[in-house]
Amino acid sequence: MMLRIPALLSSDEVRQCRQALAQAEWQDGRKTAGHLAVQVKSNLQLPLDSPVARGIGELILDKLGASPLFMSAALPLKVLPPRFNRYEGGGTYGNHIDNAFFNIPGTAIKVRTDVSTTVFFSDPDEYEGGELVVEDTYGHQSVKLPAGDAIVYPGTSLHRVNPVTRGTRYGSFFWTHSLVASAEQRRLLFDLDQQIQQLTVRHPDEPALSALSGTYHNLLRMWSQA
Ligand code: NI
C-alpha cells in the first residue's frame, strides 16, 4: 500500500526548512552506499550528524507522531532519524531495495526497515524528472508530490528516483520498524481502523463498534512482534 499524507508540513515550515537545507553542507551520497548501491546512486546528502538534518528530522518526527493517518498505516515501534538528499544535474538513484536493518546512529539498536517514508521539500514545478517510482504487485507507481507532503510505502519494495534533469529536488526519507512486519497485515489493520473511525463519526451509537474495535486490537496483538 502506498499512502499519501498531505501537508505534513505547512508552507511556512517548508520555507524555513528549505532555507536551512540550501545553506547546509552536503556530501556525496556514495559515501553511505554499499557496494551494490554505489553503482546506481548519484546524489548529495546531509551527514547523519548534521545539525540541520537533526533539527528538521525532529520536526518531521513530531509531525508524524501527530498524524493519525501515519500512525494507523505504519504502526511504528522504532523510527530512524530522517535523512536528507538533494538531486540535481542528472542526479538519480536507480532501482534498489533498501537494507533490511539499520542501526540508530551511535548505538547498537537495530531498526528493521518495514515502512519507508519520503517527505518532499521541493514543489513539482521546481524540477524535471525526480519521480519516486515504486514497484508493487500491481505495477509501478510514480510519485511527485507538493512540498510538505509525504508518501508512505512498504520497505520491501523495489524503488528508484528518476534522474533530475532540471532544477533541484530536496527530499527527506527514513524508515520505520513497525509493530507489524507484514505489509499485507498492516494493510488489513489500516483498512479496518479507517472503517471504524468513519463509523465512529457517522454512527457513534452503533453497538457493533466496540466489538469491531476489539477485533482490531486482537488482530494487532496476534500480528505484532513487539
Ligand atoms: Ni531506497
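Trainee: Which residues line the largest cavity, and what makes them lining residues?

Mentor: In this predicted model, they are Met1, Ala73, Val115, Val152, Tyr153, Pro154, Ala183, Arg186 and Arg187. They count as lining because each has an atom within 4 Å of a cavity point. Strand S14 (150–154) and helix H4 (183–202) are the elements that give two or more residues to this lining.

Trainee: Why is this space called a cavity?

Mentor: The term fits because a 1.4 Å probe fits there but cannot get out. The volume of the largest cavity is about 80 Å³.

Trainee: How do you know how many nonpolar, polar and charged residues are in its lining?

Mentor: Sort them by class: Arg counts as charged, so Arg186 and Arg187 go there. The lining of the largest cavity has seven nonpolar, no polar and two charged residues.

Trainee: What about the second largest cavity, and which residues line it?

Mentor: Leu48, Leu80, Pro81, Arg83 and Pro105 do. Leu and Pro count as nonpolar and Arg as charged, so the tally is four nonpolar, no polar and one charged.

Trainee: What makes a group of residues a nonpolar core?

Mentor: Its members are buried and joined through side-chain atoms within 4.5 Å. The largest such core has 27 residues, and Leu21, Ile60, Phe84, Val119 and Phe121 have the most contacts inside it. Helix H2 (51–65) gives the most to this core, with four residues.

Trainee: How do you know that Phe121 touches Ile60?

Mentor: Contact means heavy atoms within 4.5 Å, so Ile60 qualifies as one of the residues that Phe121 touches. Others include Leu21 and Phe84.

Conventions: Residues are numbered from 1 along each chain as its sequence is written. This is a predicted model: local features need pLDDT of at least 70, side-chain atom pairs count only at pLDDT 80 or more; totals for chains, interfaces and linings use all residues. Side-chain values use heavy atoms; hydrogens and water are left out. On a 1 Å grid over the protein atoms alone, a cavity is a set of points where a 1.4 Å probe fits but cannot get out, and a pocket is an open set with protein on both sides within 12 Å along at least five of seven lines; lining residues have an atom within 4 Å of a point. Grid points are joined across faces, edges and corners, and a volume is the space filled by probe spheres set on the points. Buried means under 20% relative accessible area, exposed over 50%, partly exposed in between (1.4 Å probe, protein chains only). Lists of a residue's contacts leave out its neighbours within four places in sequence.
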